Amino acid sequence: MAKLLLLLLLFIFHGVESSPPPHSCDPSNPTTKLYKFCRTDLPISQRARDLVSRLNIDEKISQLVNTAPGIPRLGVPAYEWWSEGLHGVAGVGLGIRFNGTVKAATSFPQVILTAASFDSYEWFRIAQVIGKEARGVYNAGQAQGMTFWAPNINIFRDPRWGRGQETPGEDPMMTGTYAVAYVRGLQGDSFDGRKTLSNHLQASACCKHFTAYDLDRWKGITRYVFNAQVSLADLAETYQPPFKKCIEEGRASGIMCAYNRVNGIPSCADPNLLTRTARGLWRFSGYITSDCDAVSIIHDAQGYAKTPEDAVADVLKAGMDVNCGSYLQKHTKSALQQKKVSEKDIDRALLNLFSVRIRLGLFNGDPNKLPYGNISPNDVCSPAHQALALEAARNGIVLLKNNLKLLPFSKRSVSSLAVIGPNANVAKTLLGNYAGPPCKTVTPLDALRGYVKNAVYHNGCDSVACSNAAIDQAVAIARNADHVVLIMGLDQTEEKEDMDRVDLSLPGKQRELITSVANAAKKPVVLVLICGGPVDISFATNNDKIGSIIWAGYPGEAGGIALAEIIFGDHNPGGRLPVTWYPQSFVNVQMTDMRMRSTTGYPGRTYKFYKGPKVFEFGHGLSYSTYSYRFKTLAETNLYLNQSKAQLNSDSVRYTLVSDMGKEGCDVAKTKVIVTVENQGEMAGKHPVLMFARHERGGDDGKRAEKQLVGFKSIVLSNGEKAEMEFEIGLCEHLSRANEVGVMVVEEGKYFLTVGDSELPLIVNV
């Protein structure tokens with residue numbers, strides 16, 4: 001009887017054995033043996049060809065959209081291509097549902113804050129968790145697909161961009177490094193990329209938005225019609241490198257073509273971009289999806305295609321494979337009848353699509369009995385995953401100002417605390433966009449109350465827009481507290497997809513509230529900014545009554561805890577800004593101007609080319625410790641160009657094309673430099689070390705960058721500890737630039753490697 005009761009209880013709490021997630025080629029089905037596409041001993045390309053050959057034309061067309069119906073006669077279930085996993089498994093797309101055993105997933109910091117750690121291994125570990133939790137959701141039967149449309153690796157070119165928060169920042173090398181780490185982690189590769197994936201992906205990553213996409217909706221101009229005029233030099237040096245690394249080094253199985261046109265041609269209809277560059281030069285071997293409804297706008301909004309059938313032909317012949325939307329489902333048949341596309345064009349796309357589904361193990365029988373089949377709902381929101389979310393928030397948060405060492409607060413001496421601001425007690429704001437339901441969240445207010453029970457709260461503003469501010473009440477609270485923490489900034493009502501900013505100042509009456517509270521408080525106040533994009537807070541940096549400023553990005557589910565730990569000294573901040581913070585005057589620059597380099601009357605963009613005042617520099621970030629840097633050798637290092645291929649430019653400077661150096665020449669033209677880093681402070685800390693390079697001529701001629709990031713590593717040092725860090729600098733990879741026609745070249749002359757105030761000369765000879 002007791003045993004029977006136990007079995008009954010198990011049934012009630014766990015139900016019957018859960019049915020496996022949707023898949024094909026079940027070995028218990030006798031027809032499975034008849035299909036070559038079910039044979040795991042055959043090459044994937046052969047299996048995909050066999051499957052496509054069995055489809056009639058209507059079935060083929062039905063598979064060209066993100067919500068692909070099943071093909072019951074072949075045992076092929078429905079598949080959803082659109083799922084999101086930008087900084088955690090999300091329910092934003094159609095492929096994931098949090099309506100069963102799994103109700104939530106680990107919500108990591110928004111990407112812009114994660115990037116501030118400058119820790120590529122941490123980025124990899126986060127993506128590993130996202131991929132693992134995605135499999136957990138799938139194995140629980142709550143997913144219709146395993147293709148995730150992340151990461152977003154567009155360059156954060158303009159501080160007003162509403163989606164800049166989704167990116168790793170403004171530097172192409174850093175963004176490319178992030179792309180590689182994310183893709184490898186999500187797909188189940190090793191950190192160094194040496195693991196053989198055995199043609200079985202944990203999940204599929206998709207690098208987006210290809211290419212030169214960084215405007216959503218600004219002053220009436222939308223991404224749907226925007227024509228990005230991009231020079232060949234900027235395309236080669238800024239916009240394309242992250243995608244090249246994503247494909248060549250990350251081995252991404254997906255890329256997404258963008259809404260916008262580039263130099264007149266819609267990205268999804270550009271064969272030079274999709275086929276010649278991605279598949280040809282970079283050897284991409286995955287699927288290419290459009291952004292949602294990006295095919296329809298080629299005819300309906302841009303007028304590039306004269307008819308819907310022309311739009312279908314343009315994208316399929318360019319190399320796109322699947323349409324997020326229904327346009328291909330509606331118009332491919334008529335395009336075929338009008339002979340604007342051939343069945344061969346459709347088959348080409350389907351081979352790419354089914355190859356990825358096969359690589360995901362979805363045509364190998366029950367996924368629960370295959371690699372990754374042992375990942376269960378218990379692995380989603382596990383303690384280890386939530387601990388990583390906290391670690392990522394700690395390591396990303398940036399201390400921007402700390403006059404007179406106001407922070408950290410003493411846990412013993414703070415008897416009362418005023419917490420003021422519209423972002424102090426709203427859990428959702430911590431997550432940013434493209435977020436799924438978090439495992440749990442703790443607001444900054446609740447986390448601070450964990451340190452000071454007598455913490456009095458007032459929101460100060462009616463919302464982040466702060467059209468109405470209760471300044472008198474906030475001032476009264478501030479006057480009576482030992483210390484004041486103001487938690488201000490932006491949220492998704494101010495910056496998000498389809499919404500760019502027109503202003504770089506804090507919204508509404510936030511500045512007035514901050515200044516009034518600071519003037520009334522007994523001691524200098526702490527200002528915390530929760531936001532993705534930069535804001536001009538010059539008024540606060542120059543105000544001695546605002547003693548400390550912290551940028552917390554959108555720090556994810558554990559961000560409130562991490563913030564409180566930093567304020568009270570349980571964690572030593574080490575994050576560094578992955579973008580330049582511009583002054584309000586930058587809004588005079590047209591957001592539609594894609595030029596990176598400065599010219600007369602135009603200040604340029606990003607730390608590499610911008611010539612103008614800054615609120616904070618790229619890479620700025622303070623700590624409770626002081627770090628020193630010293631190159632181990634100060635002797636000049638020499639590297640050599642290919643003498644036989646050297647040419648002379650208009651400035652009488654000799655140079656060599658990177659392509660003429662060849663792989664062998666580039667492999668030889670490298671040097672290793674060692675930097676000694678010492679923690680001279682009183683607290684242990686994790687510290688990102690950034691190495692830049694600059695040419696002796698600098699960026700004065702408008703051709704070269706002022707400087708460029710050539711390496712970064714993160715290190716943990718105890719107080720008083722020192723360590724050596726090795727960086728490998730390659731002539732081709734790190735010291736090249738694009739010429740006027742978009743060809744990468746390396747010039748002779750003296751370069752300087754810099755870390756902090758330490759500098760090492762490097763001579764490039766012919």
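Colleague: Before we start, what does partly exposed mean here?
Modeller: Partly exposed sits between buried, which is under 20% relative accessible area, and exposed, which is over 50%. Bear in mind that this is a predicted model.

Colleague: Thanks! So is L351 buried or exposed, or in between?
Modeller: L351 has a relative accessible area of 26%, so L351 counts as partly exposed.

Colleague: Where is L351, and what does L351 touch?
Modeller: L351 belongs to helix α13, residues 343–359. Setting aside neighbours within four places in sequence, L351 contacts A48, R49 and V52. The C-alpha atom of L351 is also 9.7 Å from that of G286, and these two residues are 65 apart along the chain.

Colleague: Changing topic: which residues touch the most other members in the largest nonpolar core?
Modeller: That core has 210 residues, and I537, W551 and W581 are the ones touching the most other members. Helix α5, residues 120–139, supplies the largest share of this core, with 9 residues.

Colleague: And what does I537 touch?
Modeller: Not counting residues up to four places away in sequence, I537 touches L400, L506, L529, I549, W581, V615 and F616. Another core, of 30 residues, lies apart from it, and V658 and F727 are among its members.

Colleague: Now E495. Where is E495?
Modeller: E495 is in the loop that runs between β15 (483–489) and α17 (510–520).

Colleague: Which backbone nitrogen does the side chain of E495 reach?
Modeller: The side chain of E495 reaches that of G533, at 2.9 Å. Beyond its neighbours within four places in sequence, the contacts of E495 include G162, Q165, C531 and Y554.

Technical notes
Residues numbered from 1 in each chain as written. Predicted model: local features only at pLDDT ≥ 70, side-chain atom pairs only at ≥ 80, totals over all residues. Heavy atoms only, no water. Core = buried A, V, L, I, M, F, W, Y, C linked by side-chain atoms within 4.5 Å. Buried < 20%, exposed > 50% of the residue type's maximum accessible area, 1.4 Å probe, protein only. Helix = DSSP H or I, 4+ residues; strand = E, 2+ residues; numbered from the N terminus. Contact = heavy atoms within 4.5 Å. Polar contact = N/O pair within 3.5 Å; in protein donor to acceptor, adjacent residues only side chain to side chain.
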